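Hi,

Here is the structure I promised to pass on to you. Please open it and keep it beside this email while you read.

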Amino acid sequence: MNLTKKLFLTALIGLSTLTMYSCKTKKLAAKPAPAPVAPPPPPVEEKKPEPTPQPAPEKPAAEEKPNFNIGNIQFEFNSAVLKTASFAVLDKAVAEIKKAPNTKFVLNGHSSAEGTPEHNMSLSVDRANSVKSYFVNAGINAANFTIVGHGEKEPITSNTTEEGRILNRRTEIKVQQ
């Protein structure tokens, strides 16, 4: 009985090998030849009408002057981290500054009246430097910017309300005279 099992197993392996081999040959033989592809016809040249001569412009188009009237850049409380809403203002500023790459600017940093005067002065300088870093990363020359910290000395509104304090946490961009 053991010999019968061995013979049966050997025969089964042999048949399966033949079956797999024969399937591969059938697939190769059944594969159709690719259809011949006709070359594309040559392009037809269309006759284009001769362009009418355009009168030469008298003056070249005037270059758009940069608008340096840029809004205030706002910051998080007790931080030099820019508010998300400030990115649109900064992107507009970058576009305008790139129109006049040799113009010099003063970045005036400010803070609200919360904290000590020394801390607020340091914070206002950090905020101006944060804006300068944004501009430098956008490809503007760092030498075009002067940093001035004002601390809490020049509020644009009252520091008695939270809304006023938020508006006072800012950096202003001014053209250097």
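This is a predicted model: local features need pLDDT of at least 70, side-chain atom pairs count only at pLDDT 80 or more; totals for chains, interfaces and linings use all residues.

Let's begin with strand S2, which covers residues 105-109. This strand is mostly covered, with five of its five residues buried.

Which strands pair with S2? One is S3 (residues 145-149), which runs parallel to S2 and is joined to it over five bridges. Here you can find Val-106 opposite Thr-146 of S3. To get from S2 to S3, the chain passes through helix H3 (residues 117-137), making a right-handed β-α-β crossover. Another partner is S4 (residues 170-175), which pairs with S2 in the antiparallel sense, also over five bridges. In this pairing, Leu-107 stands opposite Ile-173 of S4.

Now move to the surface. Phe-8, Leu-9, Leu-12 and Ile-13 form a nonpolar patch there, and together they have about 430 Å² of accessible area. Leu-9 is part of helix H1, which spans residues 2-30. Is Leu-9 buried, partly exposed or exposed? Its relative accessible area is 49%. Buried would need under 20% and exposed over 50%, so Leu-9 counts as partly exposed.

Enjoy exploring, and write back with any questions!

Best wishes

Key: Residues are numbered from 1 along each chain as its sequence is written. Side-chain values use heavy atoms; hydrogens and water are left out. Buried means under 20% relative accessible area, exposed over 50%, partly exposed in between (1.4 Å probe, protein chains only). Helices (H or I, at least four residues) and strands (E, at least two) are DSSP runs, numbered from the N terminus. Two strands pair if DSSP finds at least two bridges between them. A crossover is right-handed if, with the strands pointing away from the viewer, the path from the first strand over the helix to the second runs clockwise. Patches are made of residues with over 30% relative accessible area and no salt bridge: like charges are joined within 9 Å, nonpolar side chains (Val, Leu, Ile, Met, Phe, Trp, Tyr) within 5 Å. Accessible areas come from the Shrake-Rupley method with a 1.4 Å probe; for residues, only the protein chains shown count as cover. A salt bridge is a side-chain nitrogen of Lys or Arg within 4 Å of a carboxyl oxygen of Asp or Glu.
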